[in-house]
Amino acid sequence: MTTTPIVPVLPDTQVLQRLDAAHFLHPFTDHKALAEKGVRVMVRGDGIYLWDSEGRKVLDAMSGLWCVNVGYGRTSITQAVARQMETLPFYNSFFNTTTIPAVELAAKLARIAPAGFRHVFYTGSGSEANDTNVRMVRRYWDLLGQPERTVIISRHNAYHGSTMAGASLGGMSGMHVQGGLPIPGIVHINQPSYAEHGVGMTPEEFGVHAASWLEERIRELGPDKVAAFIGEPIQGAGGVIIPPVTYWPEVRRICDKYDILLIADEVITGFGRLGKWFASEQFGIRPDLITFAKGVTSGYVPLGGVLVSDKVAGVIVAGGDFNHGFTYSGHPVACAAALENIRIIEEEKLLEQVAHDTAPYLKARFASLAAHPLVGTAESCGFVAGLNLVRRKAGNVHYQVKFDPGLGVGMICRAHMFDNGVIMRAVGDRMIIAPPLIMTRPQIDELIGLIRLCLDRTLEDLE
Ligand code: PLP
């Protein structure tokens, strides 16, 4: 990590804000509201901290957008990228060609992926990777002589990206109402949210019950029409929804029973976020395809892809042409960044550190926030965590009283976080984090202190 001082020359924030409002259409943004408020300009990062154009320091508890796993300011990644740019900034992997980093990364991924995964299909993002999944599973069934198997089952409130197929696989109603989504051939079942649907059950009973919704839907559709089921091991953008331990093994059993492919979207959970290379290993998912992006390069350069199991790869390879791909599939600069990022994770033993030291510590410290008068539940898994802001607490999650959504309590709390130097995300009244994997115990203490301060400020606003 660099040790250079905070931003030596501060840019003119107001000029940048004016230019931004005049020319930049941001993702997932209310542009009218943004223009009134003025955008915040981030200028530098080091470790788990960022600095904005006014010199204010912030603790980035969201790792950018769930991706900067090794933290900011890694000069060895910058150098790997620069070396590759000087040697060969681009060549494609169409037309029987490849590049050294793309091959080396494919071989490396095969070594760190769960057993039985020896192939990768590269994309530029997680959304493109999920589009690839749609194309690949349909091609798979076509080659096996079952072309009518086209339907993919996903979950309400899932997030699988923002392309037409990605947003359709996702179950975000706010996205579906814009642009006539989902596209045909994609259907949704309920998410395994114990808080939302588990009344009267233990979490373990609920996990099995939630998986039974998949079986019900397969039967309704007809098993011979269903190509695959897709899910995030833990739903990230939906609000860090951690399924009961019984859920995934039961989903796997059902997929096996009906011979349906299982896709684990590990765009958030991959590359150490839960203390292993992939969460599939932790949750007993045994998927057939794994979507990845974000943490593969720690977000330094865009890269995504699909890890393809031997079962699926065998069919695709034997089938000859697979008419799908992107200009930047296997971009050599992105692959060079990924190789160095993975080397750092290994050298610094970040998986072991998260699994055995910092994640258990974060779990205990984060759970202590449940004592705050505003907090209903506070739970974490690895390096993702979420807490619910509630009007009235109760011992059981099902009897807590929520705030009127119109009050926007989550947004009030998020604004306090921003003003007090910590980035936390609000999903309705659920506050979530996904810090860089390098975060230390003292930094966890600092984060918890800041969260508590902002919860106090939010409470004062509501009184
Ligand atoms: N899948 C999951 C689980 C994600 O969280 C995201 C992004 O947050 C995506 C897919 C889409 O990835 P991208 O934004 O790189 O297209």
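Q: Which of the 15 residues around the ligand come nearest?
A: Ser125, Gly126, Ser127, Gly161 and Val267 do, where being near means a C-beta atom, placed from the backbone, within 6 Å of the molecule. Keep in mind that this is a predicted model: local features need pLDDT of at least 70, side-chain atom pairs count only at pLDDT 80 or more, and totals for chains, interfaces and linings use all residues. Numbering runs from 1 along each chain as its sequence is written.

Q: What makes up the shell around the ligand, by residue class?
A: There are 5 nonpolar, 8 polar and 2 charged residues. Nonpolar covers Ala, Val, Leu, Ile, Met, Phe, Trp, Tyr, Cys and Pro, charged covers Asp, Glu, Lys and Arg, and the others are polar, so Gly is too. Helix 6 gives the largest share of the shell, 3 residues; helices are DSSP runs of H or I with at least four residues, strands runs of E with at least two, both numbered from the N terminus.

Q: What makes strand 5 and strand 7 a pair?
A: Pairing takes at least two DSSP bridges, and 3 bridges join strand 5 (residues 151-155) to strand 7 (residues 226-231), which run parallel. In one of them, Ile152 has Ala228 as its partner in strand 7.

Q: In what order do the 7 strands of the open sheet sit?
A: It goes 4-10-9-8-7-5-6, with mixed pairing. Strand 4 (117-123) and strand 6 (186-189) are the edges, each pairing on one side only.

Q: How do the axes of helix 4 and helix 14 cross?
A: Helix 4 (residues 75-87) and helix 14 (residues 332-347) have axes that come within 8 Å and cross at roughly 150 degrees. Those axes are lines fitted to C-alpha atoms over the stretch in contact, with angles from 0 to 180 degrees between N-to-C directions. Angles over 145 degrees count as roughly antiparallel, under 35 as roughly parallel, 65 to 115 as roughly perpendicular and the rest as oblique, so helix 4 is roughly antiparallel to helix 14. Their contact includes Ile77 and Val81 of helix 4 and Ala336 and Ile344 of helix 14, contact being C-beta atoms, placed from the backbone, within 7 Å. By class it has 10 nonpolar, 3 polar and 1 charged residues.

Definitions and conventions
Contact = placed C-beta atoms within 7 Å.
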